[in-house]
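Dear colleague,

Please find below the structure that I am handing over to you. My notes on it follow.

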Amino acid sequence: CPVVLAPKNSSVAMPPPADIVKVAIEWPGAFPKLMEIDQKKPLSSIIKEVCDGWSLANHDQFALQLADNSNFYITEKNRNDLKNGTILRLTTSPAQNAQQLHERIQSSSMDAKLEALKDLANYSRDVTFAQEFINLDGISLLTQMVESGTERYQKLQKIMKPCFGDMLSFTLTAFVELMDHGIVSWDTFSVAFIKKIASYVNKFASDISILQRSLAILESMVLNSHDLYQKVAQEITIGQLIPHLQGTDQEIQTYTIAVINALFLKAPDDKRQEMANILAQKQLRSIILTHVIRAQRAINNEMAHQLYVLQVLTFNLLEDRMMTKMDPQDQAQRDIIFELRRIAFDAESEPNNSSGSMEKRKSMYTRDYKKLGFINHVNPAMDFTQTPPGMLALDNMLYFAKHHQDAYIRIVLENSSREDKHECPFGRSSIELTKMLCEILKVGELPSETCNDFHPMFFTHDRSFEEFFCICIQLLNKTWKEMRATSEDFNKARKRVMQVVKEQIMRALTTKPSSLDQFKSKLQNLSYTEILKIRQSERMNQEDFQSRPILELKEKIQPEILELIKQQRLNRLVEGTCFRKLNSRRRQDKFWYCRLSPNHKVLHYGDLEESPQGEVPHDSLQDKLPVADIKAVVTGKDCPHMKEKGALKQNKEVLELAFSILYDSSGQLNFIAPDKHEYCVWTDGLNALLGKDMLSDLTRNDLDTLLSMEIKLRLLDLENIQIPDAPPPIPKEPSNYDFVYDCN
């Protein structure tokens, strides 16, 4: 009978059960134990099994933790995050560890105390340990050590200054880490503690670690408690903070600006202008410009964010004037309008010329107000009753008239002497322009938690908004003339001109000019003619080639373009992206990286200590998620991490950048993209992996651009040939078919 030989290795390898995780467990003085953990079994029974293997009694006093620098405990809540190959350590339970550290930090031995505080600072990052330590009233113990301990060791400072500095640094670090979990309210701290922390800002200015943690604590106090804001504001002055901006450590500078921003943000409305005046007296703007913006080093994302926040808060001081209507009966306010008229028309004559009758002067004023471009020639005050821009427009006009007098007089006289109805009414234009500038700079809106879009040029002048207006009003006048706009129908002309002016300003701002002069030169290269060229070039993608044959060609080649975009998205996922972890209580950069394997089968991800300079190899990322296990991709409010409590989680900008991968029954991988572009790339790529449509704005824009380019390439041979909208008519049948050759 025939002999059938089974092929070598013919047995089919069965995949391991989904609930089994293979790990290694360490114990001091013993060989690591390889073990399969059944995720369905209680964690306590698994710990008992491990303890029995090493003949350890009292298994309830032990726990498992990650055997890396994090020392995070494994709990019933996070055990599902364990992956195959993870190395664990058997150690004392969080409660036991917390109790031991609570006793050790009260040791009379300085060396033992220092070592205990160092361990406490390390363990406090874990929320499980933190909860146990806080339950032992650990926060109160640390605050007492800060309040009274420093006095007890005054003499030791002279003898053991390095030791004392390290001890205080570890104490403050542990305090910051414990408070960062949001378990304890900030409202519970005494004035004595606040005074101590505030004193460290000066006392330990040379000790970077103590200074950094002290500033972080002050910022959190101000942001999280109204009562603490008032106490901190009494203890810390701008004069104490300014010197820290003049150093070379960017992290200290960042935390210093963060404290200033926090004080600015939480100050009552009636105190903000007063604080702004103090900042001006201390020359905060020029110090930041010299020692931060123009320093010989790159500005990191966190510093850029703090500068953006300061920029927004500074411009928000204009909100009060922007929303204040002019009182036509207020003589002081009307005097501003008189001053505008005087500078424009009476600059060379006596300002208080009282010759002539009252009626004659009234007639002259009415004529002049018309030349100034006001709607209400008799009572121009009525032009400033609309909010926004309210009185802010009048403030800008007066600043322009006083500080750029020649340009002001030239614009007013040039337009008031025209007879062709093409004059640009200065008054109405200034009001519209001020309103538009407030919209561009988002005056009155709270700063975003994720934005870092600051403009260096606004830090180059004490009156940057007014100077910004002065440049833009001259631009508006120039663009009005170039467009040959007419004042006969001001509303239509205004709409057309303002659209162009806004585009000119926005395009110039995107280049991030370093000074107002550079911004002005950028605008000179963006004339109305240049804007038309740019628009025409951009419109080619949308308005050209709308005939029926071209539309049919688009429809035919669109699948090819979509496939090209899909491959680009997947290639970007293979390169990977560094994502930042946001923290609502303490802004500290923490990163993690995620990338797709080259075969598009697995997502590799893991935590990073700092932002990488290039790609991170997938084999260095310990965590894996098979693409086949992905159930869905959700965005915005549907994301699990956006449903959690916390002020930051509800931020609009954060919601727009959030997306999550859902897998298994309850598994999730949560993302907050660094920007809108990366958000679109990742959501498109993940949808492509799942066989779904790519629906982002980026895909639509790329599709339009690539379709247009492909069509232009295919139609190169048809240049200057008009493509008909309809195919040519079919000719009539011939009278006979004698000309047909029969091949048969």
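Contact here means heavy atoms within 4.5 Å. On that basis, residues 24 or more positions apart account for 67% of the contacts in the chain with a separation of 6 or more.

This is a predicted model, in which local features need pLDDT of at least 70 and side-chain atom pairs count only at pLDDT 80 or more, while totals for chains, interfaces and linings use all residues. Residues are numbered from 1 along each chain as its sequence is written, and side-chain values use heavy atoms, with hydrogens and water left out.

The chain has 29 helices and 11 strands (DSSP runs numbered from the N terminus: H or I of at least four residues for helices, E of at least two for strands). Of its 744 residues, 45% count as buried (under 20% relative accessible area, 1.4 Å probe, protein chains only).

Helix α12 (residues 250-266) packs against helix α15 (residues 301-315) at an angle of about 25°, the axes being 9 Å apart (axes are lines fitted to C-alpha atoms over the stretch in contact, and angles run from 0 to 180 degrees between N-to-C directions). The two are therefore roughly parallel (an angle under 35 degrees). Residues making the contact include Ile257 and Phe264 of α12 and Leu307 and Leu310 of α15.

In helix α2 (residues 94-104), the buried residues are Pro94, Asn97, Ala98, Leu101 and His102. They lie on the same side of α2, because they cover an arc of only 135° around the axis (taken from the directions from the helix axis to the C-beta atoms).

With kind regards

Note on methods:
Angles under 35 degrees count as roughly parallel, over 145 as roughly antiparallel, 65 to 115 as roughly perpendicular and the rest as oblique. Buried means under 20% relative accessible area, exposed over 50%, partly exposed in between (1.4 Å probe, protein chains only).
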